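Here is a walk through a few spots worth a look, from helix packing to aromatic rings and some loop residues. Keep the structure open as you read.

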Amino acid sequence: MARNDKRRHRHDPSPDPHNKRKRSTFASHLDVPNLPPTIKTLCEIIANTPSPTVEDVLDKTLIRVSQETVEQVLRFSYSHPGPAVKFFRWSAYQLNDKHSPYAWNLVVDLLGKNCLFDAMWDAIKSMKKENVLSLATFASVFSSYVVADRVKDSITTFDVMEQYGCKHDVFALNSLLSAICRDGKTIDAWQFLRVVDGRIKPDNDTYAILLEGWEKERDVANAKKTFGEMVIEVGWDPDNVPAYDSYLITLLKGRDGIYETVNSLKRMMERGCNPGMTFFKLAFEECLKGQNLRGAEFIWDAMVGRIGFRPDTHMYNMMISLYCYSSETDAAMKLLDEMVYNGAFPDIQTYNILFQFLVKGRKLWEASGLFNEMVKNEHVLNHENCRAAVRVYMDSDDPYVAIKFWKYMIENHCSDLSETGNLLVAGLCDMHMLPEAVKYAKGMAEKGIQVTPFALSKLKQILIKARKEAVYEELLKKCKAH
């Protein structure tokens, strides 16, 4: 339970959803290291003592409690509602019946999350007498009924809450809708909004809650209806970012995906409204999955050019990858050059994806420059890129650069080296670079990297031709020795 009744937005942490259907999710004192000894002792008594004897055991401890102590103990006692309530009553004597509103709310919450609804209502009636009821109390009740598959009871609670001194206002409505949508029952929340139409005017949060519900349920059709209704009821509001995020993310997951999302984003921006970074990150992920470069370019321009958001390294990597997959490495390199100016720095993924496609496209001069920058920045070229570099530079009659990559490979990778090493040795033989071929074959043998019969036969042939049989015999001994 939260201490207050603030409206919850997309990124706000929700109270622990202690659920009768998920008892293992209840927080326990055993999950928290270094608890104060008093808290730990009280929690252990509640966890290991039958309800009828809890108060006697507590009396014998001679522990004195404060309001904060009671709150902490209750937070970790959801799995033991009976003993927890006994502890709450026992501590009231020490506190002169002055429990904090938060402690009362915790009692209501733990009873509700254990489906002890009669006892929960008894606690609510006591809270009314103590004048400590608040919207936070009823938010807990809404949640408890919803997770117990009793949505109708949560709505009935909303209907009677005025009898307990809590207003039927938009904050209460949003609290109820949030509890219902959070449990995947957005259709029930939307239908209830129809019921209160005319009595309570919805606000931005109302529609943000519903749209987030449709997003979780991937219901594009109802998201469109809700969004259209929102525009009519509350208009276009630049501050309503959570609603715009949820709506566009829902469209992303729909049949028309990026196409429909881009059109809706255009319409939104024409009215001076923008989504947040949550949407943009997911949008680039979807573009990358579908390799939709043109859609990604529009979204990138909207994010960077129009709104002025600064992409992080992960977002740059996705955009660079899209350009690479579309064989537009020049555009990808341009993004690499821009990163630092926007406060993002290339990482190992940035360099490896770019290097992979530069080599694949035979842009070897650019690949070498990128490799030098990568090493300078202390990032490691992956195994596959090292192998590709050796192969492509050998094919391009540039053996000394290939050798450079081979040396780097054996310094930075420990396994699966034989194929690349033998490719290098065989290639050097074909280029009549006998001293180099022998040198790197010996180096492989000394490191325990297998020199294949094919490479050895090439070396034998060229060494015998050069009347250097002894060199071959020495090499053969090294290979057999390792």
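## Glu229 and its neighbours

Leaving aside its neighbours within four places in sequence, Glu229 is in contact with Trp190, Leu193, Arg194 and Tyr207. Contact here means heavy atoms within 4.5 Å. Glu229 sits in helix H12, where helices (H or I, at least four residues) are DSSP runs, numbered from the N terminus. Buried or exposed, at 17% relative accessibility? Glu229 counts as buried; the term means under 20% relative accessible area, with exposed over 50% and partly exposed in between (1.4 Å probe, protein chains only). For a sense of distance, the C-alpha atoms of Glu229 and Cys181 are separated by 18 Å, and these two residues are 48 apart along the chain.

Before going further, a word on the source: this is a predicted model, in which local features need pLDDT of at least 70 and side-chain atom pairs count only at pLDDT 80 or more, while totals for chains, interfaces and linings use all residues. Residues are numbered from 1 along each chain as its sequence is written, and side-chain values use heavy atoms, with hydrogens and water left out.

## H10 against H12

The axes of helix H10 (residues 186–195) and helix H12 (residues 220–234) come within 12 Å and cross at roughly 30°. That makes H10 roughly parallel to H12. The axes are lines fitted to C-alpha atoms, for helices over the stretch in contact, and angles run from 0 to 180 degrees between N-to-C directions; under 35 degrees counts as roughly parallel, over 145 as roughly antiparallel, 65 to 115 as roughly perpendicular and the rest as oblique.

Which residues of H10 and H12 meet? From H10 come Ile187, Trp190, Leu193 and Arg194, and from H12 come Asn222, Lys225, Thr226 and Glu229. Sorted by class, the contact of H10 with H12 has 3 nonpolar, 2 polar and 3 charged residues. In this scheme Ala, Val, Leu, Ile, Met, Phe, Trp, Tyr, Cys and Pro are nonpolar, Asp, Glu, Lys and Arg are charged, and the others, Gly among them, are polar.

## H11 against H12

Helix H11 (residues 204–217) also packs with H12: their axes come within 10 Å and cross at roughly 170°. That makes H11 roughly antiparallel to H12. On the H11 side, the contact is made by Asn204, Tyr207, Leu210, Leu211 and Trp214. The H12 side supplies Asn222, Ala223, Thr226, Phe227, Glu229, Met230, Glu233 and Val234. By class, the residues of the contact of H11 with H12 divide into 8 nonpolar, 3 polar and 2 charged.

## Aromatic rings

The structure holds 23 aromatic pairs. Rings of Phe, Tyr and Trp (its six-membered ring) pair if their centres lie within 6.5 Å; planes under 30 degrees apart count as stacked, over 60 as edge-to-face and the rest as tilted. One of the pairs is Phe227 with Tyr247, which is stacked at 4.0 Å centre to centre and 10° between the planes. This pair links distant parts of the chain, with Phe227 in helix H12 and Tyr247 in helix H13 (residues 241–252), 20 residues apart. Phe227 is buried, with a relative accessible area of 2%, and Tyr247 is buried at 6%.

Phe284 and Trp300 have ring centres 5.5 Å apart and planes at 65°, so the pair is edge-to-face. Phe284 lies in helix H15 (residues 277–290) and Trp300 in helix H16 (residues 293–307), so the pair ties together parts that are 16 residues apart in sequence. Both residues, Phe284 and Trp300, are buried. Elsewhere, Phe355, Phe371, Tyr393, Phe405 and Tyr408 form one aromatic cluster.

Most residues other than glycine have a negative phi. Asn96, though, has a positive phi near 55°, and Asp97 has one near 60°. Asn96 is in the loop between helix H4 (81–94) and helix H5 (101–113), and Asp97 is in the loop between H4 and H5 as well. Asn96 is exposed, with a relative accessible area of 61%.

Thr313 is found in helix H17 (residues 313–325) and is buried, with a relative accessible area of 18%. Not counting residues up to four places away in sequence, Thr313 touches Met339, Ala344, Phe345, Asp347 and Thr350.

Note on methods
Helix = DSSP H or I, 4+ residues; strand = E, 2+ residues; numbered from the N terminus.
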